[in-house]
Amino acid sequence: MSPTDIPPVELEPQDSPDHPLAPWFGNARRERRAHYASRPRPKLPPRRAIITIVNNESVLFPIWLRYYARFFAADDIYVLDNESTDGSTVRDGFVRIPVVRDGLDNLWMVGQVQELQHELLDRYDLVVVTDVDEIVAPTPAHGTLGQYLDRFDEEWVNCLGYQVIHCQHHEPPLRLDRSILSQRGHWFFDDIYDKPAVATVPMTWRPGFHGRSDFHFNLEPDLRLIHLHRMDYDICLERHRVRSRRPWAELDARKGWGAHNFITDEAEFRRWFYGRDLGTEAGMNIERIPRSWRAVL
């Protein structure tokens with residue numbers, strides 16, 4: 001693409017000026033607004049479901065469930081539970097589906113979730129798929145996730161990925177009895193997490209759900225995927241320690257998929273936490289989280 005192919009930047013207050021996709025935000029918004037203006041509002045909201053997969057996520061799963069339970073009925077929340085033994089999935093409020101796989105295996109995880117997503121679309125109009133450390137939310141000016149999904153009628157959209165980060169020098173350890181974004185004031189955009197998380201059609205994902213297998217992309221600049229992996233330094237380090245004790249599938253190890261989950265050396269972990277993601281060249285462009293987001297999570 002030559003410089004003349006890049007459109008002029010049209011930003012709204014919630015946008016990150018340095019985001020690599022910022023030049024395309026304006027056109028994406030115009031097309032989406034025209035799309036919905038041309039359609040009558042549905043008499044009934046689309047039937048919707050959500051899927052995640054977990055293994056011993058005693059910190060993140062309650063956060064995930066508390067958020068999504070605001071927008072999905074318990075019978076429409078599907079949790080693939082890979083032999084959790086920490087008691088985190090011994091509760092009501094969702095449909096637990098036992099699955100068995102020893103260790104971290106991205107192709108297996110995608111296969112399990114993909115199969116369930118295809119099956120659920122026989123009964124639902126749309127299905128949301130996220131990892132347990134991911135929160136999908138529209139920008140606050142566009143309402144709640146429930147309101148966003150009530151009028152959704154596209155085949156799929158790609159969210160904009162943002163990672164919340166714990167700035168230890170002025171933020172204390174996270175209290176799990178309080179809202180996350182009332183305690184954390186910074187995030188950075190990360191295009192690895194521009195995931196196609198909301199869909200009305202059967203999806204085929206690349207490992208990690210980071211994109212469609214056909215590499216097609218449908219930009220939605222007003223829908224964020226908030227990644228909580230770095231929301232607290234000590235919680236993140238302990239999660240890495242737990243995950244590093246699980247076997248790593250041969251293909252995953254060879255490809256380096258999820259390699260950051262195995263960083264447990266204190267010095268190396270700190271460099272990774274505040275530095276650069278493995279396999280990427282871009283550093284963090286840390287921004288303040290707008291106050292309007294505080295009530296979202």
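Which residue forms a salt bridge with Glu134? I looked this up first, and the partner is Lys195, with the closest N and O atoms 2.5 Å apart. A salt bridge here is a side-chain nitrogen of Lys or Arg within 4 Å of a carboxyl oxygen of Asp or Glu.

**Ground rules**

I noted that this is a predicted model, where local features need pLDDT of at least 70 and side-chain atom pairs count only at pLDDT 80 or more, while totals for chains, interfaces and linings use all residues. Residues are numbered from 1 along each chain as its sequence is written, and side-chain values use heavy atoms, with hydrogens and water left out.

**Back to the pair**

I found Glu134 in strand E5 (residues 134–138). Lys195 lies in the loop between strand E7 (186–189) and strand E8 (198–199), so the pair links distant parts of the chain, 61 residues apart. Strands (E, at least two residues) and helices (H or I, at least four) are DSSP runs, numbered from the N terminus. Both Glu134 and Lys195 are buried. Buried means under 20% relative accessible area, exposed over 50%, and partly exposed in between (1.4 Å probe, protein chains only).

**Two more pairs**

I then looked at Arg48, which forms a salt bridge with Asp150; their closest N and O atoms are 2.6 Å apart. Arg48 sits in strand E1 (residues 48–54) and Asp150 in helix H4 (residues 145–150), 102 residues apart in the chain. Arg48 is buried at 15% relative accessible area, whereas Asp150 is partly exposed at 23%.

Next came Arg241 and Glu266, whose side chains meet in a salt bridge at 3.1 Å, N to O. Arg241 is partly exposed at 30%, and Glu266 is partly exposed at 45%.

**The wider count**

How many salt bridges does the structure hold? I wrote down 24. Glu12, Asp15, Arg29, Arg33 and Asp222 are linked in a network of them.

**The whole chain**

I counted seven helices and ten strands. The radius of gyration is 19 Å, close to the 19 Å from the globule rule for 297 residues, so the chain is as compact as a globular protein of that length. That radius is taken over C-alpha atoms, and the rule is 2.2 Å times the number of residues to the power 0.38. The C-alpha trace spans about 50 × 45 × 40 Å along its principal axes. Buried residues make up 51% of the 297.
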